[in-house]
Amino acid sequence: MAVVRRRLGLARLLAVLAAFPLLAGGARAEGTGFVAERAFPLAGACYGRHYDADHIARHPGQVVTAIHLSGSSRGLIATRPLADRIDPELDLTLRIAFTDGGQAEGTVGCPESGGRIRRCGRSASCAGDFAVDLLPDGRLRIVNDDADSRIAQPAVAEPGFSPDAACRTKGRFVPPDAQNRVFLLARLPLSACGPKRIRD
């Protein structure tokens, strides 16, 4: 009888151990994170999405028709040895096209902490910020939740974030409402983000 109990105990243990990789894999699949070199390698990366007329018609409050985020981790890697004196940042270029035909482009900085990057934004006082995650399927998720605009004395002049380098005087803002809050961007060829700057 003791032998049978030991065998049953061993069988249960083996079943648990066999299931563990599946459970761990499931947790990884559901989790999200942002590792700079994986999302934006030294050679650079481009993520983007274009919203067609049908999508815009179904979401009349959405002000964005296209959004692209591009850059490389080269500068971040170079500044990591100076982390005791400066905050290493991933420098990215954010480009947005609006439903009214306007376009804007600007540089955003994404501070790194403990190897993780959770928020990106602009140093200009009028620019909001946004969270960014690299999803398990390779897409990038931008969450325009604009936490800074909800504090008692907000650091931003308007709600939402602005990619416009001249935002101190005439920013083009993306309001952080339900229809402009989450953007899922696919990995695209580098050429899709283009080398030239957009002028409004």
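**Entry 1: Arg139 and Asp137**

I looked up Arg139 and found a relative accessibility of 33%, so I recorded Arg139 as partly exposed. The model I am reading is a predicted one. I then asked which residue forms a salt bridge with Arg139. The partner is Asp137, and the closest N and O atoms of this pair are 2.9 Å apart.

**Entry 2: Salt bridges in the structure**

I next asked how many salt bridges the structure holds. The number is six. For background, I noted that side chains of opposite charge can pair when their charged atoms come close.

**Entry 3: Glu112 and Arg80**

I turned to Glu112, whose side chain meets that of Arg80 in a salt bridge, at 2.6 Å from N to O. I located Glu112 in the loop between β4 (103-111) and β5 (119-121), and Arg80 in the loop between α4 (74-79) and β3 (89-98); the pair therefore ties together parts that are 32 residues apart in sequence.

Are these two residues buried or exposed? Glu112 has a relative accessible area of 16% and is buried. Arg80, at 28% relative accessibility, counts as partly exposed.

**Entry 4: Arg95 and Glu105**

I looked up Arg95 and found a salt bridge with Glu105, in which the closest N and O atoms are 2.8 Å apart. Arg95 belongs to strand β3 and Glu105 to strand β4, so this pair ties together parts that are 10 residues apart in sequence. I recorded Arg95 as buried, and Glu105 as buried too.

**Entry 5: The loop between β7 and α5**

I then examined Ser162, which I placed in the loop between β7 (140-143) and α5 (167-170). Its relative accessibility is 1%; because buried means under 20%, Ser162 counts as buried. I asked what the side chain of Ser162 reaches. The answer is the backbone oxygen of Arg172, at 3.3 Å.

I found Gly160 in the loop between β7 and α5 as well. The relative accessibility of Gly160 is 0%, and I therefore recorded Gly160 as buried. I finally asked how far apart Gly160 and Asp145 are in space. From C-alpha to C-alpha the distance is 7.4 Å, while in sequence Gly160 and Asp145 are 15 residues apart.

Definitions and conventions
Residues numbered from 1 in each chain as written. Predicted model: local features only at pLDDT ≥ 70, side-chain atom pairs only at ≥ 80, totals over all residues. Heavy atoms only, no water. Helix = DSSP H or I, 4+ residues; strand = E, 2+ residues; numbered from the N terminus. Buried < 20%, exposed > 50% of the residue type's maximum accessible area, 1.4 Å probe, protein only. Polar contact = N/O pair within 3.5 Å; in protein donor to acceptor, adjacent residues only side chain to side chain. Salt bridge = Lys/Arg side-chain N within 4 Å of Asp/Glu carboxyl O.
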